[in-house]
Amino acid sequence: MEFKEVLDKYLKLIGISTKELAEKSGLTTATISRYHTGERLPSFNSPQLKNLVEGITKIANEKNINLSSNDVWKDFKNSYGNNAENFEKIRINTNILVESLEINTSDISNAVGLSSSYFSRICNGKRSPADVNSFVDLVCKYVVSNYSTDSEVKLISSIIKTDPEEFRQNGYILLKTWLINNSSQVVPIENFLEKLDDFDLNEYIEAIKFDKIKVPTLPFQIPTSKMYYGLDELKEGELDFFKTTVLSKNPGPIFMFNDMPMEDMSKDMDFGKKWMIGIAMSLKKGLHINIVHNLDRPFNELLLGLESWIPMYMTGQISPYYFTQPNSQLFYHTLYVSDVAALSGSGIRGQHDKASYYFTSKKTELPIYREREEALLKKASPLMEIYDESRMDEFEDFKNKELQLEGDNIQELHNEDLTKTFKNMKFTICKDKWLIITKTNAPTIHFVIYHKKLRNTIENFIAPYVE
C-alpha cells in the first residue's frame with residue numbers, strides 16, 4: 001500500500017476528516033491534505049510522521065477504537081518500502097551537507113559519477129543509488145577533498161559534532177560514520193519553506209485568538225528607570241519594556257537587538273509565552289518592529305530562529321536586518337528602543353549572573369538610545385524586505401526599477417520539484433543580488449531576500465517531493 005492509501009484507510013476507520021486529524025496531530029490542514037492526495041510525503045522518522053501517527057492513535061482511543069501506535073507506525077513504515085530507514089538517514093544528511101556547505105549539485109554529482117538530475121532525485125527521495133556504500137564513499141571523499149579551509153573545516157566539524165583538529169586527522173572516517181549513523185531528520189530549509197507555504201494568517205489569528213487580544217489600558221507600576229541583573233531579571237526587563245511601550249499612545253516603531261544564544265532564553269516556556277504576547281500586543285497596536293537578527297550562529301539554528309518569526313513576518317509589520325560582521329565572542333548585548341522606553345545592557349558570554357541592564361522611560365534619556373538605534377541600523381544590512389497587501393504599489397515600483405537595471409539577470413525559478421512541492425509560492429531570482437518568494441495566498445505577500453547564504457540555499461534547494 002502507498003502512503004496515501006494507508007492514511008486514507010485510517011481516516012475511514014476512525015471516521016474523521018483531514019481537518020480533524022490536523023487539529024489532533026498539530027499539522028496544518030493543507031499538509032494532511034497533501035499527504036492524503038499523494039502530493040507530499042513526510043520524511044521517514046520525521047517529526048511530521050510521528051505527529052501524524054500520534055494524532056491517529058489519539059483519536060482512535062477517544063472513540064474507543066482498539067488501535068495501537070505501534071500498529072499504525074508499522075503500516076506507514078511498510079509504505080516506504082525496504083531499507084527506507086537506513087537510506088533516509090543518508091539522504092537527509094547528504095542534504096544537510098549540500099545545504100550547509102552550499103555545494104554545487106552539478107560538481108558533486110559529477111564526482112560521484114551521476115547526472116545532476118539523478119543525484120537530485122536521490123537527495124529528494126525519488127530514487128536510491130544502485131550501490132549505497134559507493135555513493136556514501138564518493139560523497140565523503142568529495143567533501144573532504146574540496147572543503148578544507150579553516151572556516152569550512154570548522155563548519156563541517158560543527159555539523160558532525162567533532163573537533164576541527166580531529167576532523168583534519170580523520171575526516172573521511174568521521175564524516176562517513178556521521179553520514180550513515182546520524183539520526184537527525186531535519187533539513188531546516190525544508191521545514192522553513194514548508195511552514196511558509198502552508199501558513200495561513202487567518203487560521204493563525206483564530207488559533208491564538210489574536211483578534212480577541214485586548215491592549216491593556218490600566219497602568220502598570222513600572223518605575224521610570226531601573227537596573228536589572230542576571231538572566232531572570234533581564235526577562236523581567238524585557239516584559240517591562242513591552243508593557244510600557246504598549247500602554248503608551250505613541251505610534252513610533254520598535255527597535256530590537258539581542259545576540260544572546262537562543263537556548264538561554266528558550267528554556268523558559270512561561271517567559272516565551274509572555275514575550276510573544278508582548279510582540280502580539282505591539283503588532284495589534286499597529287507598531288512597526290525593526291529587528292536585527294543574530295545570524296552569527298550555525299545555519300541550522302539560524303533557520304530555526306527565522307522559522308519562529310514567520311507568523312510575525314506575515315503581518316507585514318516586521319523589517320528584519322542582520323550584521324555582516326561577526327559579533328563579539330566575549331560579550332553579548334541587548335538594546336530595545338521605542339518612543340517611550342529603552343532597555344540596554346550587556347554581559348559576558350556564559351556568565352549571565354554578571355550581566356546588567358538598564359531600563360528607562362525618561363524623556364531626557366531616550367534620545368541617547370534612539371541615536372544608538374539609528375547608528376546600528378546604518379551598520380546593519382536588510383535580511384529581507386517584506387511587502388504585504390498595503391505595499392503592493394511599492395513592490396511593483398521595486399520590480400519595475402530592477403527590471404530596468406538588471407533585465408536578463410532576473411528569472412523565474414522553474415525548478416520542477418519546487419513548483420510541485422510548494423503550491424502557494426513562486427520564486428524569482430536576480431543572481432547575486434536578491435531572491436523573491438511570492439506567497440500567493442493567506443495572505444498574498446512578497447519576501448525580497450538579500451542574505452547571500454539564505455538566497456543560495458533556497459535557490460539550490462532539493463525539494464522532498466515524492467511521486
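Cys430 is buried, its relative accessible area being 0%, where buried denotes under 20% relative accessible area, exposed over 50% and partly exposed the range in between, computed with a 1.4 Å probe on protein chains only. Cys123 is likewise buried, at 1%. The structure holds zero disulfides, a disulfide being a pair of cysteine sulfur atoms within 2.5 Å. The model is a predicted one, in which local features need pLDDT of at least 70 and side-chain atom pairs count only at pLDDT 80 or more, while totals for chains, interfaces and linings use all residues. Residues are numbered from 1 along each chain as its sequence is written, and side-chain values use heavy atoms, with hydrogens and water left out.

The description may begin with strand β3. Helices (H or I, at least four residues) and strands (E, at least two) are DSSP runs numbered from the N terminus. Strand β3 spans residues 289-293, and five of its five residues are buried, so the strand is largely enclosed by the rest of the structure. In a regular strand, side chains alternate between the two faces of the sheet. In β3 both faces are covered: Ile289, Ile291 and His293 are buried on one side, and Asn290 and Val292 are buried on the other.

The neighbours of β3 are described by strand pairing, for which DSSP must find at least two bridges between two strands. Strand β2 (residues 254-258) runs parallel to β3 and is joined to it by four bridges. Within this pairing, Phe255 stands opposite Asn290. Strand β4 (residues 318-322) also pairs with β3 in the parallel sense, over five bridges. Here Asn290 stands opposite Ser319 of β4.

A second sheet is built from five strands in the order β9-β13-β12-β11-β10; this sheet is open and its pairing is antiparallel. Its edge strands are β9 (384-387) and β10 (410-412), each of which pairs on one side only. From one strand to the next, the twist averages 15°; axes are lines fitted to C-alpha atoms, for helices over the stretch in contact, and angles run from 0 to 180 degrees between N-to-C directions. Helix α22 (residues 452-459) lies across β11, β12 (434-439) and β13 (445-449), running at about 60° to β12; contact here means heavy atoms within 4.5 Å.

Helix packing is illustrated by another pair. Two packed helices are described by the angle between their axes and the distance between the axes. The axes of α9 (residues 132-146) and α11 (residues 164-181) come within 10 Å and cross at roughly 145°. This crossing is right-handed, a term used if the near helix is turned clockwise from the far one by less than a right angle, with left-handed used if it is turned anticlockwise.

Arg349 is partly exposed at 26% relative accessible area, whereas Asp259 is buried at 2%.

Other salt bridges lie within a helix. Arg370 bridges to Glu373, with the closest N and O atoms 2.3 Å apart. These residues are three apart in helix α19 (residues 366-379) and are therefore separated by about one helical turn. Arg370 counts as buried at 16% relative accessibility, and Glu373 counts as buried at 6%. In helix α20 (residues 392-406), Glu396 and Lys399 are also three residues apart, about one turn of the helix, and their closest N and O atoms are 3.9 Å apart in a salt bridge. Glu396 is partly exposed at 37%, as is Lys399 at 32%. Elsewhere, salt bridges that share partners join Arg34, Asp197 and Asp198 into one network.

Conventions:
Salt bridge = Lys/Arg side-chain N within 4 Å of Asp/Glu carboxyl O.
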